[in-house]
Structures are given as C-alpha cells and as structure tokens.
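I have one structure for today. I will take the surface first, then the overall shape, then the cores.

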Amino acid sequence: MRMLQFLARHCRSYRLLVHPPAYTASQRARWLHLPGRQVLKGVLVQGIHGPLLAVLPATQIIELESLGFFCGEVLHLADPLAVAQRFRDCEFGVVPAFGSLYGLPTYLDADLDPACEVALPGPTHFHSVVMMLEDYERLERPVRAAFACEREAFTLRSA
C-alpha cells in the first residue's frame, strides 16, 4: 500500500473512496457516479528501454504508436504477469497512476484539464483516490503527451 503511505505523507487534499469491486475504469466511473473523462486508468507499457506508465481517461484507449513516437521507441502492452510483478503491493490487475513510486516514467494524456477533479485507481479494486488533477501532477510530475483517443474513433478508424 505504498501509494496510500505516499499520499498520507505528501498530499493533504485527497479522498480515499471505498466502492464495490470495479475491475475496469468504466466500472469505477459507474460506481463513483462520475463522467468517464474524470476517471483515470493506468496502463503499463513495455518498450525496448523498459516499462513506462500511461495514464488516461476511462473513456479513451491508448494509441501505442503515438506514445511510441513521442518516446522514440516501439511499445506494446505489458502482460498481466508483468503488471502483477511490478505492482506487488496492489491487488492483482490494479495499475496505479503513480509510476514514480515504482521507478517508472509516467505519461499523462495531454487533453486533461488540470483544474478538474479526477478519480485514480487505488491499491485494490475496491478503492479509488479522488483529487484535483493539478495536485496529482504536482506529486507525480508526469510528462504530458497526446497518446489517447476515444474508443469510438478507434473503432471507426480500424474498420
């Protein structure tokens, strides 16, 4: 529960919410009664130079080519075992949004408004951390990059 210790030490303005189990960011949005754009998810991505963390809204999907172009390498999604090994202090399948706590560079979707409140994945499928995005950015210091698109746009482009 490294994330909760970190937040308790360095952030005064967050809330830890307990909710029914949510195994996807979309489920968390439903349980929390928040727009999917305000519910963020973490995605562990693997590159030639090692893993990195991408953080984006529940309503979007990651464009690996765009993020890879920005990072200067070919990227692919990490497999579930790599996720479990990296985030050992979290429940299986949880990808927290604080990559710096795990030695990972963190990339945040460029389109997010820093003045909005967001829900981040907590250490279990039963917890979410709610805070202002500007507070998250102050703590995590992610790199802002354009690497996400709406699910519908991806579906239409793929067809």
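The protein chain exposes about 8100 Å², and carbon and sulfur atoms supply 59% of that area; accessible areas come from the Shrake-Rupley method with a 1.4 Å probe, and for residues only the protein chains shown count as cover. A word on the source: this is a predicted model, where local features need pLDDT of at least 70, side-chain atom pairs count only at pLDDT 80 or more, and totals for chains, interfaces and linings use all residues. Residues are numbered from 1 along each chain as its sequence is written, and side-chain values use heavy atoms, with hydrogens and water left out.

Now the shape. The C-alpha atoms fill a box of roughly 40 × 30 × 30 Å along the principal axes. The radius of gyration of the protein chain is 15 Å, which agrees with the value near 15 Å for a compact globule of 159 residues; it is taken over C-alpha atoms, and the globule rule is 2.2 Å times the number of residues to the power 0.38.

Of the 159 residues, 48% count as buried, meaning under 20% relative accessible area with a 1.4 Å probe, protein chains only.

On to the cores, that is, sets of buried Ala, Val, Leu, Ile, Met, Phe, Trp, Tyr and Cys residues joined through side-chain atoms within 4.5 Å. The largest nonpolar core has 29 residues, and among those touching the most other members are Leu7, Phe98 and Met131. A second, separate core of 12 residues includes Leu56 and Ala148.

Which residues does leucine 7 touch, not counting those up to four places away in sequence? They are Tyr14, Phe98, Val129, Met131 and Leu139, with contact meaning heavy atoms within 4.5 Å.

Key:
Buried < 20%, exposed > 50% of the residue type's maximum accessible area, 1.4 Å probe, protein only.
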